[in-house]
Amino acid sequence: MTSIKKSLKPSSIIAYVVQELRSPSTKNKLLILVEGPDDKKLYGFLFPQKVTRVIPVGTCQYFKKILLNCNLTYASRFIIIKDADFDNLGNPPFVFSNLFRTDTHDLETMLISEESLKHLCSEYQYEKGASLLHNVLNDIRQLSFMKWYNIINHLMINFKTICIANIYDGSTPIDVNVCVNCLYGKGANSDKKKLTSTEINHFMTTHGSADPMQISNGHDICECFMVKFNQQNAGVKAKIIESSLRMFYSLKDFEKTNLYTSIVKWSRKNGFTLFK
C-alpha cells in the first residue's frame, strides 16, 4: 500500500488504523503512522521492520482525530510522526504523548545537513556549495514568512498557485508582490483575504529572529536547489533532489535528532525496543 486515499472519510481512516492494530501480523509491532509515501520510504528504512510497521496516512489532516479515537484503547501500540510545519515556533495546535514532530519544519529540512549538501553539490557539479543553503533560505524568506502568516492568522490561503520555478531565477530573492500576484491571479483564492506587502513586511520585522529551518518549507528549498543546479546541469528535478537527500540520510544522522531521542524514550516506556 502506498498511502491511504485522501478522499476517505475520517471514520474510514480510523477504521483502517484500528484494523491494522488488531491484525495478528502487527500483534507485537509498533505501528508508526506518517504523512505520505516519501515519509514511509525514509522511516521504513530507519526503523527495524521486525518490530515496526510504517503506514502512510496520506495527510496530517486527520492525525488529531486518529489520536483522539485510537488512544482510548491503543495508546501504547502506535505513534504518529508529523512534519512540524510551524508548530515548533509557538504553541502547537494539539499535543499527545505518542505524537512526535520533526526537529525542523518538515522531513526534507531534517534531511539537509552540511554533509548531505556536499553530496548534492558533488552529484550535480554545483561549485558554490558553501553558500548554497544560506542563499536559498534568504531567497525564499519572504515567501516563508507569508506562509507562516497565513497559518498564524488561519487565513487558509492556497499557496499551491505558486510555482517557484516560474518566479525564481536562482539568484534574486522571491518578492512578496510577485507571490501575491501568483496567489490571486486568474481568480485564485478569490474568497480569501488578500495579503499585502505592508503587513508581511511588518510581520517579518516583528518575527524576524525565527530560525529559517523552522519557517522554510523543504519542498520550496529543493525547488530552489533545482533552479540553481539547472543553471549548470540541465534536467534536474526537485523530486530527484529530495530522493537523493533521503538516500544520503543514515541512522547515525537520525540519532542526532530530538525526534529520535523522544521516540526511543517513549518506545522503551511502552515495551518496545526499537534500537539496540
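Let's start with one residue. Gln-142 touches Ile-174, Asp-175, Val-176, Ile-200 and Met-204, leaving out residues up to four places away in sequence. Contact here means heavy atoms within 4.5 Å. Gln-142 sits in helix H7. Helices are DSSP runs of H or I with at least four residues, strands are runs of E with at least two, and both are numbered from the N terminus. Now look at Tyr-124, 18 residues from Gln-142 along the chain: the two C-alpha atoms are 27 Å apart.

A quick word on the model. It is a predicted model, where local features need pLDDT of at least 70 and side-chain atom pairs count only at pLDDT 80 or more, while totals for chains, interfaces and linings use all residues. Residues are numbered from 1 along each chain as its sequence is written, and side-chain values use heavy atoms, with hydrogens and water left out.

Next, the whole protein. The secondary structure comes to 15 helices and 4 strands. The C-alpha trace spans about 55 × 45 × 35 Å along its principal axes. How does the radius of gyration agree with a compact globule? With 276 residues, such a globule would have a radius near 19 Å, and the protein has 20 Å, so the two agree. That radius is taken over C-alpha atoms, and the globule rule is 2.2 Å times the number of residues to the power 0.38.

Of the 276 residues, 51% count as buried. Buried means under 20% relative accessible area, exposed means over 50%, and partly exposed is in between, with a 1.4 Å probe and protein chains only. Take the contacts with a separation of 6 or more: residues 24 or more positions apart account for 68% of them.

Now the sheet. The 4 strands form an open sheet in the order S2-S1-S3-S4, with parallel pairing. Two strands pair if DSSP finds at least two bridges between them.

Focus on S1. S1 (residues 30-34) is joined to S3 (residues 78-82) by 3 bridges. S1 is joined to S2 by 5 bridges. Follow Leu-31: it stands opposite Phe-78 in S3, and its bridge partner in S2 is Arg-53. In S1, 5 of the 5 residues are buried, so the strand is largely enclosed by the rest of the structure. Leu-30, Ile-32 and Val-34 are on one side, Leu-31 and Leu-33 on the other, and both faces are covered.

On to helix H10, residues 197-207. Which residues of H10 are buried? They are Glu-199, Ile-200, Phe-203 and Met-204. They cover an arc of only 140 degrees around the axis, which puts them on the same side of H10. That arc is the arc of the directions from the helix axis to the C-beta atoms. On the other side, Thr-198, His-202 and Thr-205 are exposed. What covers the buried residues of H10 includes helix H7 (141-152) and helix H9 (176-184).

Last stop, Gln-214. Its place is in helix H11 (residues 212-215). Gln-214 counts as buried because its relative accessibility is 10%. Beyond its neighbours within four places in sequence, its contacts include Asp-85, Phe-86 and His-105.
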